[in-house]
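Please look over the sequence and the model shown here before reading on. The paragraphs below go through the structure part by part.

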Amino acid sequence: MSTILDKICERKRVEVADLKRRLSQDPSHPIHAILSSTRPNPRRFEAALRAPGLSVISEVKRKSPSAGSIGAIPDPLALGKTYQDGGASCISCLTDYEAFGGTLDDLLALREEVTIPILRKDFTVDLVQIAEAIWAGSSAVLLIVAVLKDETAWFIQKCEELGIDALVEVHDEAELRIAVEGKARIIGVNSRNLKTFHTDLAVAERLAKHLPDGIVKVAESGIHHPEDARRMYRAGYDAVLVGESLVKAADPGVFIQQMRGMLPFQPRPPAIKICGLTDPHTAAHAAKAGAHFVGIVFAKGSKRFVGSVDRASEVSKAAAAEGAEAWGVFTEQSADEIIDIVNTAQLKGVQLHGDGCRAAFAEIDARLPPTVRRVYVCSVSEDGHVSHELPPAVKASLQKHRDYVLYDGVRPGAGTPFEWELFHPDRELPFFLAGGLAPENVAEALAQVHPTGVDVSSGVEETPGCGRKDPARMVSFIEAVRTAKASPTAVQAPTVCANGLT
Ligand SMILES: O=C(O)c1ccccc1N[C@@H]1O[C@H](COP(=O)(O)O)[C@@H](O)[C@H]1O
């Protein structure tokens with residue numbers, strides 16, 4: 001039975017025959033000269049992907065067989081410029097009309113003003129398409145091993161001779177071998193199976209281990225959230241190729257920078273914070289188990305007081321090494337002290353408890369680096385009544401893609417829950433629920449409150465309030481959150497899809 005890929009390739013061969021017929025009637029067309037000469041490859045596409053950090057190939061795509069309609073894109077150049085200004089390394093331009101709604105005119109329009117390298121994304125089945133891509137101004141073409149099979153090496157060689165980069169796409173180990181043996185310099189692992197359209201980032205993770213050093217590694221498909229892009233970076237990829245999510249993003253620039261790790265983003269809900277970590281080993285354990293955030297307490301009277309800024313730096317470093325962010329939990333420190341601690345200990349967030357810190361919010365906010373999360377604590381009495389509400393000026397300053405409100409009991413760190421049923425949080429901002437959470441009750445809390453994140457301290461200690469975290473309870477808590485039933489009314493964490501948020 002023929003697959004969608006087979007059908008697309010059959011159609012491509014018809015389109016190619018038509019192109020060749022048109023070219024035969026136009027002997028002075030520059031494509032003839034391109035085909036009959038060789039030129040050095042400037043390797044602009046490859047160089048852009050080799051830049052330090054994660055590169056982003058941003059795609060201009062109107063529709064796809066798997067996603068259906070994605071976006072009208074009336075002005076592909078405007079979108080291309082938005083990508084470029086937002087920090088994209090390269091642009092991928094679909095030129096297949098039937099299945100993806102793209103045309104060569106899109107590429108020609110992009111070439112007018114976009115200066116970053118452009119990939120012509122199409123189903124290459126013939127050399128003439130590569131020559132056409134060069135003529136249209138692209139720096140790279142896509143070669144899909146599932147399409148070209150044993151001819152892949154020949155096409156790679158031809159790209160070398162014609163002077164254009166080739167992104168050689170694979171989906172499994174056998175295709176990867178063909179690409180490597182064919183001397184591909186840039187390999188894209190497509191996490192989407194082009195025959196079934198099933199997408200799984202685990203494919204890219206698995207194949208990353210077999211990608212030889214020196215080859216540029218690109219992860220393609222299935223990047224819906226900055227978290228996915230960071231996952232690919234951790235797996236060893238130099239670049240991600242992102243289409244649908246970027247076309248749909250209200251602010252593609254924010255999304256690109258979040259994927260590149262230049263702007264903070266919020267994890268998929270429910271986010272997990274474990275608070276009161278005082279040693280690097282336990283912080284690393286919490287992060288490895290899946291905590292997104294760890295809290296370092298700077299309240300001198302607390303059993304979880306970290307003791308010194310040096311110690312806080314060690315905890316923060318250990319958490320970061322395992323992919324978690326460390327926040328400072330402050331009660332009465334001045335803005336000067338907080339800024340100093342944040343910079344020294346490389347903290348990624350400040351959690352402002354206590355009247356002194358909350359009153360200084362405006363000054364702290366003005367002086368903190370823009371990448372540091374502001375977490376404003378609202379207190380809730382045992383009957384679920386919000387006793388310290390979010391001041392309107394604070395609400396106006398908090399940024400949805402970066403900051404949180406945190407609802408906690410009136411005695412922070414006491415391990416006492418409040419009445420969740422009677423509690424009415426402000427749902428316009430992403431918020432954490434804290435206060436007496438534990439592995440045993442967190443699923444219930446999630447079901448009743450639907451927070452963006454949960455925060456625990458006493459509930460994962462050897463005995464509540466002792467100040468020493470129990471590694472097994474931390475793991476149980478994270479498991480309980482992950483396996484809690486998703487509720488249709490749950491507050492969605494702002495993702496990056498509408499002004500960087502939804
Ligand atoms: O944990 C503390 O000692 C502490 C001290 C000062 C401010 C905040 C503190 N902890 C916060 O308490 C909640 C959760 O605590 P629990 O699970 O109810 O024990 C959390 O927000 C911590 O940040």
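Predicted model: local features only at pLDDT ≥ 70, side-chain atom pairs only at ≥ 80, totals over all residues.

Residues are numbered from 1 along each chain as its sequence is written, and side-chain values use heavy atoms, with hydrogens and water left out.

The chain is assigned domain 1 (4–259) and domain 2 (271–483); such bounds come from an automatic or database domain assignment. Taken over C-alpha atoms, the centres of domain 1 and domain 2 are 42 Å apart.

Around the ligand there are 22 residues, of which Ser-302, Arg-304, Gln-351, Asp-455 and Ser-458 are the closest; a residue is near a molecule if one of its heavy atoms lies within 4 Å of it. By class, the shell has eight nonpolar, ten polar and four charged residues. Here Ala, Val, Leu, Ile, Met, Phe, Trp, Tyr, Cys and Pro count as nonpolar, Asp, Glu, Lys and Arg as charged, and the others, Gly among them, as polar. Strands S11 (271–275), S16 (404–409) and S18 (453–456) each contribute at least two residues to this shell; strands are DSSP runs of E with at least two residues, helices are runs of H or I with at least four, and both are numbered from the N terminus.

Which side chains place an N or O atom 2.7 Å and 2.6 Å from an oxygen atom of the ligand? The 2.7 Å distance belongs to Arg-304, and the 2.6 Å distance to Asp-455. For Asp-408 the corresponding distance is 3.4 Å. Taken alone the ligand exposes 510 Å², and the protein buries 96% of that; these areas come from the Shrake-Rupley method with a 1.4 Å probe.

Two backbone details remain. Most residues other than glycine have a negative phi, and most peptide bonds are trans. The peptide bond from Pro-269 to Pro-270 is cis, with omega near -5°, and Pro-270 is in the loop between helix H14 (252–259) and S11. Lys-149 has a positive phi, near 45°, and is located in the loop between helix H8 (145–148) and helix H9 (152–162).

Note on methods. Polar contact = N/O pair within 3.5 Å; in protein donor to acceptor, adjacent residues only side chain to side chain.
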